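Here is a friendly briefing to read alongside the model. Keep the sequence and the 3D view open as you go.

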Amino acid sequence: LLARSTYEPPTEPTQMTWILSAFADEAGSSMDEQVAACTTAGLKYLDLRVVDGINISELPLDTAQQVRGKLNNAGLRVNMLGSPIGKIDIAEKFQGDLELLQHLAELSEVFDCKQVRVFSYYNRAGADEEKWAEGSIDRLRQLTEQASELGLVLFIENELGLYGQTLQQVARLAETCRDGQTCRMIFDFDNYNQAGEDLWEVWIQLRNCTDAFHLKDSTAPPEPMHVPIGQGNSRARDILHDAQRSGWSGCLSVEPHLTHSAAVASIGRAGQTNQAMKDLGPAECFQVATAAAGQLLHEIGATFE
């Protein structure tokens, strides 16, 4: 594991402006629906993942130009491109991921966004964990090298079932892949919770190598149910408050998962639909999730836009 942080937060909070964004495809598939959802929520940023049923990594350039026009008209900016790169098996061919990254570099010019979310590979055949680790790290290093040449910044998300599910695995990825420039790390509260990790211990270990947050929460395992951020088992309030007091800066992306919308279904279901909101539609659940995120950030005294 990484050396335990000895950093003591200052007595007076350090004011840093955070970027609050959201995966708006959970509100609706079409760009019009996503723009409307973000406007209603008062957001200035969104993470692009799926547009009209097409993942951002495969979005045609002419369609991207149309999307950018709609975003411009609404005063919205893209925070991150939510690619599926690295969400394949370690035994599958790697060339496809490199090609997706090349296309994302072209899209990054359209959307004026250099940040790309990536993953760290499955091991469905059950290979030795060391081989799994070495294979994942090798691929991520190659992706980082290509990203550097393309002017992109990669953000590795901790994800269930991939190398990078547990604290120990993420710490190794941080030590071997993260450089704080071209390769950075995302802290997803819900994914750590569903992996059975102690969220506070994860934060203490990874505080100095956390570059972004995914605001997704759930109740305690073994049958976690998704809830708005700060209302689950993730200790999100404590962790974000500590980040705020420590002078952390970066972006936070709301990823509701309160209902199994088309967007959630397309990336794989993990965790139960929120039963209290089962009668609400995706757009309504999106508003609940973004409002909860904004309220939590206000309560801890964070400055965000």
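How do the residues of the lining of the largest cavity divide into nonpolar, polar and charged? They divide into seven nonpolar, one polar and no charged. Here Ala, Val, Leu, Ile, Met, Phe, Trp, Tyr, Cys and Pro count as nonpolar, Asp, Glu, Lys and Arg as charged, and the others, Gly among them, as polar.

This is a predicted model, in which local features need pLDDT of at least 70 and side-chain atom pairs count only at pLDDT 80 or more, while totals for chains, interfaces and linings use all residues. Residues are numbered from 1 along each chain as its sequence is written, and side-chain values use heavy atoms, with hydrogens and water left out.

**Cavities**

- Rolling a probe the size of a water molecule over the atoms shows where empty space is left.
- The structure holds two cavities of 30 Å³ or more. A cavity is a set of points, on a 1 Å grid over the protein atoms alone, where a 1.4 Å probe fits but cannot get out; lining residues have an atom within 4 Å of a point. Grid points are joined across faces, edges and corners, and a volume is the space filled by probe spheres set on the points.
- The largest cavity has a volume of about 40 Å³, and its lining is made of V170, M185, I186, F187, Y192, L206, C209 and T210.
- Strand β8 (residues 183–188) gives the largest share of that lining, three residues. Strands (E, at least two residues) and helices (H or I, at least four) are DSSP runs, numbered from the N terminus.
- The second largest cavity also has a volume of about 40 Å³. Its lining includes L215, K216, D217, V254 and E255, and the whole lining divides into eight nonpolar, no polar and three charged residues.

**Aromatic rings**

- A pair of aromatic rings is described by the distance of the centres and the angle of the planes.
- A search of the whole structure finds ten aromatic pairs. Rings of Phe, Tyr and Trp (its six-membered ring) pair if their centres lie within 6.5 Å; planes under 30 degrees apart count as stacked, over 60 as edge-to-face and the rest as tilted.
- W18 and W248 form an edge-to-face pair, with 5.3 Å centre to centre and 80° between the planes. This pair links distant parts of the chain, since W18 is in strand β1 (residues 17–22) and W248 is in the loop between α8 and β12 (251–254), 230 residues apart.
- W18 counts as buried at 1% relative accessibility, and W248 is buried at 9%. Buried means under 20% relative accessible area, exposed over 50%, and partly exposed in between (1.4 Å probe, protein chains only).
- W248 also forms an edge-to-face pair with F213, at 4.9 Å centre to centre and 65° between the planes. F213 lies in strand β9 (residues 212–215), so this pair ties together parts that are 35 residues apart in sequence.
- Ring pairs link W18, F187, F189, Y192, W203, F213 and W248 into a cluster.

**Charges over rings**

- K87 lies over the face of F119, at 4.8 Å from the ring centre. A charge sits over a ring if NZ of Lys or CZ of Arg is within 6 Å of the ring centre and within 35 degrees of the ring normal.
- R139 lies over the face of Y121, at 5.0 Å from the ring centre.

**Strand β1 and its partners**

- Five of the six residues of β1 are buried, so this strand is largely enclosed by the rest of the structure.
- Four bridges join β1 to β12, and the two run parallel; A22 stands opposite V254 in β12. Two strands pair if DSSP finds at least two bridges between them.
- Two bridges join β1 to strand β13 (residues 303–304), also running parallel, and T17 stands opposite T303 in β13.

**Backbone details**

- Most residues other than glycine have a negative phi, and most peptide bonds are trans.
- Y121 is not a glycine, but has a positive phi of about 80°. Y121 sits in the loop between β6 (115–118) and α4 (129–150) and is buried, with a relative accessible area of 0%.
- R235 has a positive phi near 60°. R235 lies in the loop between β11 and α8 (236–245) and is partly exposed, with a relative accessible area of 39%.
- A cis peptide bond joins P221 and P222, with omega about 15°. P222 is in the loop between β10 (217–218) and β11 (226–227).

Terms used: 1 Å grid on protein atoms, 1.4 Å probe; cavity = no way out; pocket = protein on both sides within 12 Å on 5 of 7 lines; lining within 4 Å.
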